[in-house]
Amino acid sequence: GLPCIFPCCSPARLVAMFKAATLRNVFTCCYLHTLCNDCFVAKNHHKAVLKHTRKLGVLRPRDLKSIGVPRVYLKQLVERGELLKTGRGLYVVAGALLTENHSLAEAAKLSPKGVICLLSALRFHGLTTENPAEVWIASSRGTLPPKSASPALRVVTLSGEMMTKGIKRHIIQGVSVPVYCVAKTVADCFRFRNRIGVNIAVEALRDAWRDKKATSGELWHYAK
């Protein structure tokens with residue numbers, strides 16, 4: 001007969017070795033299958049996050065709940081260079097064109113119930129040469145303002161119709177951003193002239209009237 005390749009091993013030992021090798025093969029196959037499956041799932045999650053970010057313009061971690069993707073994939077995509085973290089809990093697709101008003105879109109994501117106001121609204125409407133270092137945003141009285149270093153927020157507390165009137169929505173970087181209209185913004189600048197400076201308020205009124213961005217009736221309506 002054929003010579004035994006394990007002459008020193010008893011038949012029982014050979015059987016045990018064969019069973020151990022078989023188990024190792026089974027475990028190896030299971031591990032490879034799990035690894036491949038994990039890679040497939042991760043790839044699909046990466047695609048889903050990128051697609052959702054493009055749709056929203058600016059993505060927050062809580063936005064992933066609607067597509068059923070764990071937040072851990074945000075860090076992976078940032079490390080891969082496919083997502084860019086622009087602020088605390090704010091992400092955009094790498095290579096996305098960021099406009100001058102991108103910080104307003106970020107502020108709207110951080111404070112969904114807030115409204116862009118005063119200097120930031122003036123800048124948006126082209127009524128000032130000032131370029132505020134902070135995003136001015138109105139918040140309802142009793143609402144806890146969000147904490148953010150990037151973008152930095154200057155929160156103004158309003159209530160009642162002062163908060164709810166004159167809001168217009170604009171799409172910025174794919175985000176629906178509430179901004180007070182020109183007439184409401186100019187009127188608010190005079191109300192808060194001690195905070196922003198009376199010269200800025202006067203300049204805003206003059207430019208809005210000269211460029212016909214607000215009528216006398218609209219200005220009077222919001223000044224009352």
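Q: Buried means under 20% relative accessible area, exposed over 50% and partly exposed in between, using a 1.4 Å probe and protein chains only; what share of the 224 residues of the protein chain counts as buried?
A: Heads-up: this is a predicted model, where local features need pLDDT of at least 70, side-chain atom pairs count only at pLDDT 80 or more, and totals for chains, interfaces and linings use all residues. Residues are numbered from 1 along each chain as its sequence is written, and side-chain values use heavy atoms, with hydrogens and water left out. Of the 224 residues in the protein chain, the buried share is 39%.

Q: Where does Gln173, another positive-phi residue that is not a glycine, lie?
A: Gln173 has a phi of about 55°. It is buried, because its relative accessible area is 18%. Its place is the loop between strand 6 (167–172) and strand 7 (175–180).

Q: Which residues does Asp188 touch, leaving aside neighbours within four places in sequence?
A: Asp188 is in helix 6 and counts as buried at 2% relative accessibility. Contact means heavy atoms within 4.5 Å. With those neighbours left aside, the partners of Asp188 are Leu118, Met162 and Tyr180.

Q: How far apart are the end C-alpha atoms of helix 8?
A: The expected span is 1.5 Å times one less than the number of residues. Helix 8 covers residues 198–210, so its 13 residues should span 18 Å. The model agrees, with the end C-alpha atoms separated by 18 Å.

Q: Which exposed residues sit on the face of helix 8 turned away from its buried side?
A: The buried residues are Ile200, Ala201, Glu203, Ala204, Asp207 and Ala208. What covers them includes helix 4 (118–125), helix 6 (182–191) and helix 7 (193–196). The face turned away carries the exposed residues Asn199, Trp209 and Arg210.

Q: How do helix 6 and helix 8 run relative to each other?
A: Axes are lines fitted to C-alpha atoms, for helices over the stretch in contact, and angles run from 0 to 180 degrees between N-to-C directions. For helix 6 and helix 8 the angle is about 155°, with the axes 8 Å apart. Since angles under 35 degrees count as roughly parallel, over 145 as roughly antiparallel, 65 to 115 as roughly perpendicular and the rest as oblique, helix 6 and helix 8 are roughly antiparallel.

Q: Left-handed or right-handed: what is the crossing of helix 6 and helix 9?
A: The axes of helix 6 and helix 9 (residues 216–223) come within 8 Å and cross at roughly 45°, so the two are oblique to each other. The contact is made by Ala183, Lys184, Val186, Ala187 and Arg191 of helix 6 with Glu218, Leu219, Tyr222 and Ala223 of helix 9. A crossing is left-handed if the near helix is turned anticlockwise from the far one by less than a right angle, and right-handed if clockwise. For helix 6 and helix 9, the crossing is right-handed.

Methods:
Helices (H or I, at least four residues) and strands (E, at least two) are DSSP runs, numbered from the N terminus.
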